[in-house]
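Dear colleague,

I am handing over the structure that follows, and below it I set out what was found. Please read the notes with the structure open beside them.

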Amino acid sequence: MTALVTLPILLPLVGAALSILFGRSRRVQRTIALSTLTAVLGMAVALLVEVDRHGPVSVQAGGWPAPVGITLIADRFSAIMLVVASVMLLSVLVYAIGQPGAERNHVGFQSIYLVLAAGVAAAFLTGDLFNLFVSIEMMLTASYVLITLGGRLEQVRSGMTYIVISLLASVLFVAMLAFVYASTGTVNMADLAGKVGDLPPGLRSALAVLMLVVFGIKAAIFPLFFWLPDSYPTAPSPVTAIFAGLLTKVGVYAIIRTQTLLFPADSRPTTLLLVLAGATMLVGVLGAIAQGDVKRILSFQIVSHIGYMIMGLGLFTVGGLAAAVLYTVHHIVAKTGLFLSGGLIEHAGGSSRLTRLGGMVRTAPVLAVLFLVPALSLIGLPPFSGFVAKFALVDAASERSSYGVMAVALVVSLLTMYSLMKIWISVFWSPATEPAPAGAAGRDRAAEPLGGPLLMVAPTVVLAALTVAIGLAAGPLYDLSLRAAADLLEPSAYLEVVRG
Amino acid sequence: MTVLLAATAAGLFGIGTYLVLQRKLSRIIIGIALLSHGANVLMVGSGRRGRAPIVGSGDAESLADPLPQALALTSIVISFGVTALLLALAYRSWLLTSDDEVQDDLEDERIAHRGAPDDDLAGSDELAEIEGDPTGEEVEP
Amino acid sequence: MIVLLLAHLVAGLGLVAVGGRAGRRAVLVGALAPAATLAWLALQAGRVLDGEVVSESLAWVPELGLDVDLRLDGFAALFVALVSGIGVLVFLYAGRYLRAGGEGQGRLLGLLVLFSGSMLGLVLADDLVVLFGFWELTSLTSFLLIGNDHTSARARTAALQALLVTGAGGLAMLGGFVLIGQATGGGTYRLSEVLASPPGGTPVTVGLVLVLVGAFTKSAQYPFHSWLPGAMVAPTPVSAYLHSATMVKAGVYLIGRFAPAFTGVWVWRPLVVGVGLVTMLCAGLRALRQHDLKLILAYGTISQLGFMVVMFGLGTAETVVDACELVLAHALFKAALFMVVGIVDRQAGSRDIRLLRRPGPGWGPTLAVLLVSAGSMAGFPLLFGFVAKEDAFAGLEPGSFAYAGLVLAPIVAASMLTVAYSLRLVWGVLGRDGDGLDTTAARTAAPPATSPSTTAPAGSGPAPAPRASFLAPAAVLAGLTLLFGAVPALIDGVISAAGESLTAAAEPVHLAVWHGWNLPLLLSALVLGGGAVLFMARRAVDRVLALGHHLPSGGQGYLAVLRTLNVVADRTTAVVQTGSLPVYAGVILTTAALLTTGALVLGDGWPGWPTLVGSAGHVAVCVALLVTAGAAAAVRRRFSAALLLGATGYAMAGLFVVQGGADLALTQVAIETLTTVLFVLVLRRLPDRFERRSGPAVRFVRLVAALSVAVMVFTVALTAGGNRVAEPVSSEMVERSLPDAGGRNVVNVILVDFRGLDTMSEITVLAAAAIGSVALARAGRRPRSSGAPERVPPPAPEGRRLERLVVIDVAVRLVFSAVIVGSIYLLFVGHNQPGGGFVGGIVAGAAVALRYVAGGIDDVRNLSRAHAWTVLGAGLLLAALTVLAPVVLGAAPLESTVLETDLPLLGHLKVTTALPFDVGVYLVVLGLLLMVFESFGDDPHLVTTPVDADEVEGPAESRPEAPVEVRAS
């Protein structure tokens with residue numbers, strides 16, 4: 001069991017080190033990365049099964065007991081996230097290998113990508129607040145490198161925004177840790193769960209809010225999301241895809257984890273969360289409507305859909321949290337899929353601007369399907385994954401009779417539909433109104449009947465199929481989410497495992 | 001945590017914030033450096049002060065709290081690494097634009113000024129036709 | 001039933017995939033699924049007519065009360081018959097209508113099958129949420145069908161409008177369903193259960209309104225109607241199927257289901273009946289002004305839907321049954337009429353009644369079908385429409401319920417309009433209108449909504465008559481109209497079953513043509529007469545109606561909404577997403593500050609003021625800190641700023657010392673030195689001064705933000721510091737450091753042992769940062785190997801090199817080796833005294849810096865060039881393996897064992913397996929520094945222009961050293 005909890009972090013690290021050493025041969029690097037991530041995926045699944053059967057699994061790094069050593073722990077929630085994350089990491093890696101272009105050929109790409117994987121895994125598996133900080137830093141540094149890899153002008157510009165904002169978040173994080181340690185004398189989450197309760201209410205809620213802000217910046221919730229739509233679209237599409245799928249979700253994970261585990265019910269910023277959720281949904285989708293570029297529309301939608309997850313948390317009911325978990329899973333899959341197909345569109349059309357694309361339903365019918373399926377899922381049409389997740393959210397909201405946020409959720413999904421159909425109509429139906437940049441467009445279609453290289457199309461297909469599968473298998477998945485949510489609201493098992 | 005330390009940290013945070021809100025990347029970097037100094041002051045200040053935590057000499061009570069030091073050390077190193085990266089970015093920016101100015105996002109500005117490119121997706125003229133309400137003039141007098 | 005749905009799914013997807021190649025055969029494939037459904041229905045007919053219920057269920061998400069419950073009762077059966085029966089006919093019709101192998105026809109047919117399946121699911125669903133699902137699927141398929149001819153801007157627009165309007169309604173409906181479902185005890189979404197015991201309360205009332213909105217949008221009721229005329233751009237088979245016979249009846253279906261249960265709720269009747277009546281009248285009037293045959297039919301459909309909405313909405317046992325008749329009658333004649341119009345369109349090449357000429361010989365059968373169906377629409381005796389309308393009038397007879405008269409009057413009026421536009425339609429097809437009017441205006445007017453291939457150009461002689469197979473489907477429908485019109489008793493059973501499945505109150509009905517002399521008969525006569533008059537006086541009427549043209553239409557409303565939406569979106573985005581980093585940073589930091597301070601202030605917990613200062617030393621360093629920091633912020637020269645920042649760093653080190661952190665201070669000093677060096681390396685390229693001093697307003701804002709952050713830090717820090725609730729865990733670390741972890745230097749033990757994982761991640765960060773900065777610095781450069789020419793050095797350094805070789809070199813190399821040894825020493829003793837891998841690595845890096853200063857980047861490269869990556873990778877690998885090894889052996893990661901050794905030069909040493917880990921740290925740090933020098937160490941004069949020169953204005957060689965000169969002079 002210890003292996004299952006630790007290896008998802010350590011294997012990618014070893015892999016990263018190796019692929020730095022084997023910098024000379026891309027082939028070797030790819031083999032390393034692929035095999036590592038496949039292994040991680042396998043272990044993640046095993047871990048999920050184990051955790052779901054026998055409850056949380058934890059390891060004390062260095063064998064030192066809980067508060068002294070660092071705790072690595074997996075409960076249902078983290079295991080679920082880990083599984084989804086590793087699926088994304090693997091499929092996007094394949095996509096990246098398939099994509100022609102300079103970035104993925106850079107000496108650093110594979111190793112940095114593995115560092116990212118390690119960071120994400122560590123963030124999901126750690127049970128220690130400071131280690132969470134370090135893990136997120138690991139993930140972020142990798143993302144800094146990936147987003148600026150290639151050093152084009154717009155990358156540098158957006159890279160500055162992205163890195164500076166993330167650094168501010170990190171500084172606030174350290175300050176928050178200092179406050180936590182100053183008042184409780186520990187940074188182990190399970191240990192904190194007991195001690196935070198003794199703090200005076202003012203300090204408690206201050207800490208809760210500060211944590212919300214710190215992770216909220218990473219999760220891109222209103223009003224902390226501005227950096228995202230500016231930075232994501234400039235990265236190469238595989239990078240954007242993996243960012244869209246995982247990075248913000250790590251933030252969401254951290255928010256859900258800390259707010260549920262550390263703070264007693266009375267100091268949870270429930271109303272604040274719901275308000276922020278509503279604002280995030282609305283502002284995000286309005287931004288999406290205002291955009292004229294596929295990648296930017298999709299990026300703004302990330303923001304808007306983060307709102308749904310926060311909403312699920314803000315309800316603080318088992319139903320709400322379960323919906324949030326399910327929604328997160330669904331969104332990771334659908335969104336990554338969308339960005340992958342967006343990349344394919346860019347590949348086939350030579351641009352990602354709506355005005356430069358057109359008529360692709362005829363020229364690239366496969367892409368049309370590959371876009372439509374995750375799009376419909378994101379909108380929340382049956383039988384795709386989004387439908388169940390969204391309905392679960394709305395149902396939970398109405399159950400708690402918080403009708404305001406419920407109404408927002410419904411309206412926003414209509415607006416989401418509008419913004420996505422805008423893409424559909426301009427890219428696949430109507431003819432292009434501007435000529436595509438010379439040379440970029442006009443790939444010979446005979447060579448690529450699928451609309452792109454096989455290695456790019458295949459992962460996209462897999463993810464599209466996955467959204468359908470999640471939708472069809474929603475029953476058991478939702479039950480799992482319910483169990484995970486129950487653990488989150490009643491973390492006694494979690495605490496026992498850590499305290500031993 | 002003495003008042004002095006809190007004040008120092010607050011001061012560093014204030015100055016850092018002031019610098020971060022500027023456009024020159026090198027200033028922003030300095031600002032961030034000051035901010036993380038502030039954070040480290042908080043971190044170190046969050047534990048008991050005393051002799052350097054090296055056991056074996058004297059009683060454990062008089063030792064400074066080692067954990068915050070370790071944590072601070074880690075965060076210092078991390079911010080060093082990222083600062084190096086940020087400097088590389090400034091360098092690259094200079095290569096491309098001969099300045100380290102942080103420009104605004106072009107697309108955002110475009111949208112702020114002109115709005116989305118295809119607001120006419122609604123297609124008013126087509127719709128009027130479709131509505132199929134012939135205008136009054138066609139009526140024979 | 002599920003099998004049937006799946007069959008539709010498979011057939012549909014199959015056709016979408018390959019249908020284009022299948023040609024005419026595709027049509028038959030498409031007809032299979034609906035035909036199968038019909039057969040199945042026939043098998044079930046007996047039971048259903050006896051009032052039994054055929055149900056089937058498939059668990060989907062039980063926890064959410066979300067299961068695929070399908071339920072076939074009388075009412076559903078009626079609709080299934082329509083959906084599948086007309087479906088089959090439409091496919092046969094499409095076979096003749098569509099040109100074989102035209103672009104996107106496989107798609108069209110496939111989508112039709114998919115739609116048919118969704119519609120089937122909609123009427124069979126017994127779970128509200130599943131019903132919603134199918135509901136949205138019909139909207140989606142309709143969207144794709146309308147826009148199937150994607151080259152036409154009009155089609156795209158119409159498709160989007162249809163999708164948005166019906167989609168919005170659908171979501172409103174979902175909201176309503178959830179509200180109602182939650183109101184039922186135990187939150188069931190089972191339709192039959194909800195209707196059996198209807199819940200009450202405000203949420204339910206709101207929910208009902210929302211559900212009705214959904215129904216209205218789908219059934220194109222005012223004010224949501226305008227998408228339906230737009231949808232007429234779709235090929236005629238689509239219009240006949242979706243937009244007259246089936247999909248638009250979904251709303252009616254829903255109202256029919258809900259009415260008996262909820263007609264008691266105060267909001268129900270006024271809303272439903274009111275909207276229905278308005279729709280009937282307005283649409284009827286609009287129909288009288290259309291020149292496009294399809295549009296006449298479209299508005300006719302809207303009006304008739306309004307009729308059904310009223311009848312169902314009243315919810316009395318009688319009206320509900322009458323409404324069922326109307327549904328059937330309308331489906332029969334309207335689908336037939338659309339098919340006829342399609343035929344005319346195909347054969348004559350136009351649908352504009354001003355262009356159509358008298359049909360030539362051979363058109364007899366077609367005209368017969370037309371007359372029968374139109375007559376049925378107008379309510380002509382001996383046709384089924386007449387029977388239905390008669391019963392409707394009977395159901396509305398004054399006294400049958402409150403205010404029945406108020407409902408009856410407008411319906412009679414609207415029926416007159418129906419007669420009038422029916423006549424208009426017939427006249428148009430007969431081409432009588434074409435002769436009467438001056439057609440030049442119309443010829444120049446907009447072409448008909450679709451431009452099918454014309455077998456004969458408009459107006460040139462009589463159009464060729466259609467082939468029998470083209471007419472057959474319509475003929476079948478017309479035949480049924482005749483049959484049921486003459487012998488309505490045939491369908492007593494169907495109608496009764498439908499009525500009874502809606503409300504228990506409904507008695508078995510006996511349809512008949514002749515009810516004796518009574519009010520309904522009178523009204524029918526009145527209606528026919530009035531309609532005829534209206535038509536005769538159409539010129540005058542038209543002039544009157546022309547005035548109404550200027551009233552705002554639903555379409556304009558939709559446009560307005562969409563426009564506003566876009567504007568709002570742009571405005572908000574323009575405000576929120578300024579794209580300016582300072583703004584973002586400001587908002588984020590201020591938010592953090594205000595929220596946190598606010599939360600702190602709202603709750604109590606102020607511990608009171610702690611001790612003011614720790615020691616005199618503190619005062620000194622803190623003052624130094626703040627002063628240098630302030631100076632760094634104030635100066636306007638990059639170099640001075642960098643140096644002052646360095647000073648701040650050393651002040652920090654001082655603070656660490658007085659606080660008791662030896663390692664910390666050591667690290668801080670090392671790092672600060674390096675940072676400063678890096679800064680200088682980069683800054684030498686940047687302009688010397690910060691230009692662009694910002695205005696006072698901006699500075700004030702900055703100041704406010706800075707203050708709020710400072711206040712937050714100050715208050716929270718004191719509150720947190722003053723509320724220590726537990727003994728820190730570090731005390732245990734201090735106790736166990738020496739005995740259990742074999743190290744005296746607790747900080748180092750924590751770093752490499754207790755919290756080794758942190759350090760692992762930390763060095764990973766360093767490695768990543770190193771790779772990133774090299775990548776950035778090298779980005780767009782020619783690769784070193786091929787970039788040989790650029791290494792031609794300028795003459796001056798040449799001389800410098802020569803003389804360096806003689807004197808300095810030896811010294812430098814001596815010092816270098818000494819420092820390296822020292823660094824290794826630090827590495828080894830780190831566990832017990834200040835030092836450790838990190839500091840050691842940095843000292844080694846300092847040695848490298850020395851080589852750099854003396855010999856420039858070449859010297860460093862000779863030292864390391866190929867090895868930088870290797871050192872980095874090796875370090876990372878070593879550390880990672882040290883963490884990993886114990887796991888492989890089944891222990892916890894990083895679990896260490898103490899072992900004692902005698903090392904030369906270092907003497908007896910007690911080493912733990914944490915040592916290799918520390919060595920890894922050492923190597924990573926060294927590698928980082930090597931790579932950093934690699935990336936920034938270049939002589940600025942050797943900077944080559946990036947390959948992508950277009951991104952750079954002017955050659956890189958002419959980079960501004962200018963300010964330096966200015967300063968020098």
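At what angle do helix α4 (residues 105-124) of chain C and helix α10 (residues 236-245) of chain C pack, and how far apart are their axes? The angle is about 10° and the axes lie 12 Å apart, where axes are lines fitted to C-alpha atoms, for helices over the stretch in contact, and angles run from 0 to 180 degrees between N-to-C directions. That makes α4(C) roughly parallel to α10(C), since angles under 35 degrees count as roughly parallel, over 145 as roughly antiparallel, 65 to 115 as roughly perpendicular and the rest as oblique. On the side of α4(C), the residues that meet α10(C) are L108(C), L112(C), F115(C) and S116(C), and their partners are V238(C), Y241(C) and L242(C), with contact meaning heavy atoms within 4.5 Å. Those residues divide into six nonpolar, one polar and no charged (Ala, Val, Leu, Ile, Met, Phe, Trp, Tyr, Cys and Pro count as nonpolar, Asp, Glu, Lys and Arg as charged, and the others, Gly among them, as polar).

On provenance, this is a predicted model, in which local features need pLDDT of at least 70 and side-chain atom pairs count only at pLDDT 80 or more, while totals for chains, interfaces and linings use all residues. Residues are numbered from 1 along each chain as its sequence is written, chains are lettered from A and ligands numbered from 1 in the order in which they are written, and side-chain values use heavy atoms, with hydrogens and water left out.

By class, the contact of α14(C) with α20(C) has 15 nonpolar, two polar and one charged residues.

For chain C as a whole, there are 38 helices and four strands (DSSP runs numbered from the N terminus, helices being H or I of at least four residues and strands E of at least two). Buried residues make up 60% of its 969 residues, buried meaning under 20% relative accessible area with a 1.4 Å probe and protein chains only.

One buried residue is R702(C), with a relative accessible area of 9%, which lies in helix α29 (residues 696-722) of chain C. Not counting residues up to four places away in sequence, R702(C) touches Y18(B), L21(B), Q22(B) and S694(C).

With regards

Terms used:
Buried < 20%, exposed > 50% of the residue type's maximum accessible area, 1.4 Å probe, protein only.
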